[in-house]
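Here is a friendly walk through one model, strand by strand and then chain by chain. Please keep the structure open beside the text as you read.

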Protein chains: 4
Amino acid sequence: MATPLGIAVIGTGRMGADHVRRIQEVVSGARVTAVVDIEAERAKAVAARVEGCAVHTDPAAAMASAEVDAVLVASPGPAHEAALMAAFARDLPVLCEKPLTPDAASALRLVEAERALGRRRVQVGFMRRYDAEYTRLKALLETGQLGRPLMLHQRHRNVASASFFTSDMLITDSVAHEVDVTRWLAGDEITAVTVLRPASSAGAPEGLIDPQFVVLETAGGALADVEIFVNCGFGYQVQAEAVCERGTARVGDGHAMVTAMAGRWGGSITQDWTERFADAYDREVQAWVDATRRGEVTGPSIWDGYAAAAVCEAGVRSLHEGGRVEVELAPRPSLYG
Amino acid sequence: MATPLGIAVIGTGRMGADHVRRIQEVVSGARVTAVVDIEAERAKAVAARVEGCAVHTDPAAAMASAEVDAVLVASPGPAHEAALMAAFARDLPVLCEKPLTPDAASALRLVEAERALGRRRVQVGFMRRYDAEYTRLKALLETGQLGRPLMLHQRHRNVASASFFTSDMLITDSVAHEVDVTRWLAGDEITAVTVLRPASSAGAPEGLIDPQFVVLETAGGALADVEIFVNCGFGYQVQAEAVCERGTARVGDGHAMVTAMAGRWGGSITQDWTERFADAYDREVQAWVDATRRGEVTGPSIWDGYAAAAVCEAGVRSLHEGGRVEVELAPRPSLYG
Amino acid sequence: MATPLGIAVIGTGRMGADHVRRIQEVVSGARVTAVVDIEAERAKAVAARVEGCAVHTDPAAAMASAEVDAVLVASPGPAHEAALMAAFARDLPVLCEKPLTPDAASALRLVEAERALGRRRVQVGFMRRYDAEYTRLKALLETGQLGRPLMLHQRHRNVASASFFTSDMLITDSVAHEVDVTRWLAGDEITAVTVLRPASSAGAPEGLIDPQFVVLETAGGALADVEIFVNCGFGYQVQAEAVCERGTARVGDGHAMVTAMAGRWGGSITQDWTERFADAYDREVQAWVDATRRGEVTGPSIWDGYAAAAVCEAGVRSLHEGGRVEVELAPRPSLYG
Amino acid sequence: MATPLGIAVIGTGRMGADHVRRIQEVVSGARVTAVVDIEAERAKAVAARVEGCAVHTDPAAAMASAEVDAVLVASPGPAHEAALMAAFARDLPVLCEKPLTPDAASALRLVEAERALGRRRVQVGFMRRYDAEYTRLKALLETGQLGRPLMLHQRHRNVASASFFTSDMLITDSVAHEVDVTRWLAGDEITAVTVLRPASSAGAPEGLIDPQFVVLETAGGALADVEIFVNCGFGYQVQAEAVCERGTARVGDGHAMVTAMAGRWGGSITQDWTERFADAYDREVQAWVDATRRGEVTGPSIWDGYAAAAVCEAGVRSLHEGGRVEVELAPRPSLYG
């Protein structure tokens, strides 16, 4: 296909605006032909930097344009379901930011809707799967040389949480990534969640349960633990160690440049995800554009989005009620392999 | 004290014989004046390599000699209680290998007996506390610059387990070290234990539950997790990462020499504890000899041995019955600070 | 500029074909509108994968097309001078692969020609300057927190050299990169070169002087050493350590994923430059496209290409004649700052 | 031998006093029976801490005592020759601190004197050979799996130099260690030295040529380079990387404990040699005591001390006169294998 893919970006907040920049300046073979936001002024400001970019406040209106070949959904989670249903009505391919929807019930409705279409239309934005290190870890596990993964130790640390961040969001917003990574690396569904509460850090806002320690069990018997600590103070670290039958593999040390000065050796720690995962986002969107131009849908599916939502719901229950909570999943449609 | 300390070594199996060699060839200011074993031939073989070393089959008989100033107990765990009681009767200082005794009840009798003497006589052989890296980690935590420890992630991996190793022994023999390390680093008692069972490795002997994942809770709210994997196949690794309010610290990477060859960079992994912790054993025994010659008793106490036994008993119950098991400790005598 | 930049790629060998792929599939805002090769069949094969791409055997003919806004020169070094002169005649911006030309005299003619134009038209392909780690090292040095760089230790290792590789080419083809890196990091010209010959490896082809050890001196007194070893057998490694007045900084360890298996910890070593520097090439070409669309010329200049050629010539003399050889540079035109 | 080895320590400055402490408190099977210093008060102060320790101002007088079985020479270098000659007269085994003597001529006289005795009596204090990491590197090279060593990159950095430290002493006092390490690892003599002078650091005292960069050539064609930087400001680092025909091996990273805090990961750098090489000194003296009690002499020989002195003399000439200076060695007596 010689013509660049015309993309409507739904949502022009921090993430949406960044995707507009990415499509215009980084990604090959695509351009932004429309932006959509219920706050028209914000959308106009973003569109002003893109030649020939339409502005809408209604996703469906944008999708009606002949200039729009595909849709990138970056609006707040509660708006995702309507946007995806509109895209389904037009049979448009979609890249939908995570979380797919705020709860498992709505996610399951989307599973049903896509299943009714009879083919996949949506890639969900679990961008860890496009990070070079995680990709390498997945590839190593697939060679089988380490044997079956038995345990997965994961760390997810942020410098400080936003003021609106709640104890539940450590699960639904942060651990959601590890939920997807665990399912992806283990090649298996998660069947139970236990959220443990160490003493909260003096560095966390009053009332926030931080850190938390989450144990995930998979159908095949693998055990994954996740330290989530969103006010660790010192940096943004995302690490994973797969412990297999014949060896281990670890990613996320981030040891690119090593300095020695003032009695210390070592390096700097990234301070947020835009720095740590910039390349992963670039690869994710490029992969989506490339697949779409080939007429394909690849990457994390709506089912992956639904499963993550269901696991996070169980996690929030475990956080509130204590103890182990089993995850109930709907039957998996054959569309999702 | 100019004269070397005369030591009776009780038990001349692998560990006891190694301690005899250590005292004779490595440690300054001490010599072995008697060895004791119920298997007299084994004791004689060891004594033959030491000038002027008496041989006994009864610990009490050895302790009656004027040549014996102190006792090192390296006999099997079930024999420890009698040996220590004999030493108490003679008021002799003791270095007792771990485990102190096989169960919490007998350990508590020793606590009582030493409390009745009114002063500490025993150092228990938790030699991790003498390892250079663990010592450095403890020192860093004590500076307070990282803030309070909230979580402690620990890994304990062996190449392969001995034929007699049982699922319980992953707790009582291996995790016992992490139980002591956790209490020592956190400066706190452990109040509950949960043992989780990932799928067992195909590399583990039939019927052995290996690996296991153990969660320890401390009175102050710190959470420690321990991966114990005694048939990991690739090496002996003991690692700990303390996650504190303002930073983390990790020991046990063991990255001494780095090679690059045949498409790989990296280094070798030690294959067993005699290689990894040789220096720690040397320092442990030297520290005990030095303290004893100064008329002092330092290092891990009988109370530490008792607390570890109680935690391990709770761990074994959790392994068998599932779920979280609380640890019940007797009141701590003032002798143990 | 809304229209993509139309690029003529001169040379469709391995490097040229890879740049065509890069521009079509990776880089944003550009497309290949013409390819040029004296071997017409090779050019046609490459053009067949690009919609609307013209095929030429003469660079000047390609540059005459209105579809060509800029030129990427990836032909063999001896053909660079003519191609650049043709581009100068059309006033077209150029990205020219390294080496600029095979010798300092021809490079100096290009310096003169561009100086006569009165403004920079050419970016030379020293892609190390676009590598994430080198960029970080440069940025750190520029903060001044380490003080002035005094020494620069560099390693450049290849698995095996191509059959046509000569002892001179270790300098002109491989060390040429370190020559540019040294000038760039030190912010200074190189004034003398000494090439030392350790015993050659049994793994090197008969007659090839490999490894070599090159010492570079800069006008400001910094000393750079380069180990060049093109038949090291185990991997492709490019490392640099800057030793400054108050600290050191090292890049190139390449420690992304760490595994532990079979008694070894560590990771894999990249096997060639396409793997190690793929991102650097992507960034280089994107940076050139972006600057060109803004009407600017940035990055390494023809002067940088000339200076590298002059240093390499001195290096080859040192290799052949032994001892230290001083570098003679023409006066630097003000165009090059 | 049941009785501890009685040792006379010659010289009770910082190094001598530390050896006294080491023999009394760390080393097994030995005790200090005499100390010697021309400053009697200093000797008395050290002797006061050791039971039954005689005090002398003349080495020969100390050696006349029946209590003295062996001699440890830790006096200033110029006093070594007389002390060793006195020990030869008594046929006493000696551990002599490095440098053996201040110049090659006096070192050669000692070679002659020991050769005349017909058997080795002296171990020279190149304690790097007893460091765990260097020992491991040597062992790896001896397996032959990396092939022949072609290059050896070495770094030797000190926080700050003492006020009396001269530019020559960077060679004779510091690089002397790398001279021995190079000879030991390469298994070969050094045939030429070139000392290069990068710009001196602003952190070095006025007039001191610091850092220096030293290139050593061996008879077998291996090339060793040494960065010596005695005012690097940030820590004490001693590193070596052997580049062999099929791989490389590096020691000295010192990555024992890794912390993450305040935006940085990494660890602390030792601040001086007493911290970095304490274990090497302990092992060195223990190895000497053990060999002596077995009636053997092992470790670095007087020949090693002489060769290091000759190389350092050539190095100082290169530093002063510039260029490459060849090393002239006397014929090697068969006593030294």
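## Strand S10 of chain B and its partners

Strand S9 (residues 212–218) of chain B runs antiparallel to S10(B), and six bridges join the two. Helices (H or I, at least four residues) and strands (E, at least two) are DSSP runs, numbered from the N terminus, and two strands pair if DSSP finds at least two bridges between them. Within this pairing, Val214(B) has Val226(B) of S10(B) as its bridge partner. The hairpin of S9(B) and S10(B) has four residues between the strands, and there Gly221(B) adopts a positive phi near 100°. S10(B) also pairs with strand S7 (residues 149–157) of chain B, this time in the parallel sense and over seven bridges. In that pairing Arg157(B) sits opposite Phe229(B).

How many of the seven residues of strand S10 (residues 223–229) of chain B are buried? Seven of the seven are, so the strand is mostly covered; buried means under 20% relative accessible area, exposed over 50%, partly exposed in between (1.4 Å probe, protein chains only). Leu223(B), Asp225(B), Glu227(B) and Phe229(B) point one way from S10(B), while Ala224(B), Val226(B) and Ile228(B) point the other way, and all are buried.

## How to read the model

This is a predicted model, in which local features need pLDDT of at least 70 and side-chain atom pairs count only at pLDDT 80 or more, while totals for chains, interfaces and linings use all residues. Residues are numbered from 1 along each chain as its sequence is written, chains are lettered from A and ligands numbered from 1 in the order in which they are written, and side-chain values use heavy atoms, with hydrogens and water left out.

In chain B, six strands make an open sheet with parallel pairing, in the order S3-S2-S1-S4-S5-S6. Strand S3 (54–56) and strand S6 (122–125) of chain B are at the edges with a single partner strand each, so one side of each has no neighbour in the sheet. From one strand to the next, the twist averages 25°. Strand S1 (residues 5–10) and strand S2 (residues 30–36) of chain B pair in the parallel sense over six bridges, with Ile7(B) opposite Val32(B). Across S1, S2, strand S4 (70–73) and strand S5 (94–97) of chain B lies helix H1 (residues 14–25), running at about 155° to S2(B). Axes here are lines fitted to C-alpha atoms, for helices over the stretch in contact, and angles run from 0 to 180 degrees between N-to-C directions.

Chain A has an open sheet of six strands with parallel pairing, in the order S3-S2-S1-S4-S5-S6. Its edges are strand S3 (54–56) and strand S6 (122–125) of chain A, each with a single partner strand. Strands S1 (residues 5–10) and S2 (residues 30–36) of chain A run parallel, joined by six bridges, and Gly6(A) has Arg31(A) as its bridge partner in S2(A). Helix H2 (residues 40–47) of chain A packs on the sheet, touching S2 and S3 of chain A, and its direction makes about 165° with that of S3(A).

## Two domains in chain A

Chain A is divided into domain 1 (5–128 + 279–300) and domain 2 (135–272 + 308–336); the bounds come from an automatic or database domain assignment. Taken over C-alpha atoms, the centres of the two domains are 27 Å apart. Contact (heavy atoms within 4.5 Å) involves 16 residues of domain 1 and 17 residues of domain 2 in chain A.

## How the copies relate

Chain B superposes on chain A by a rotation of 180° with 0.0 Å of shift along its axis (RMSD 0.0 Å). The two copies are therefore related as by a two-fold rotation axis. The same surface serves both copies, as 100% of the contact residues of chain B recur in chain A. Copies are superposed by least squares on the C-alpha atoms of residues with pLDDT of at least 70 in both.

A rotation of 180° with 0.0 Å of shift along its axis also superposes chain D on chain B (RMSD 0.1 Å). Which residue of chain D comes closest to the rotation axis? That is Ser28(D), at 2.2 Å (C-alpha).

Cys232(A) is buried, with a relative accessible area of 0%.
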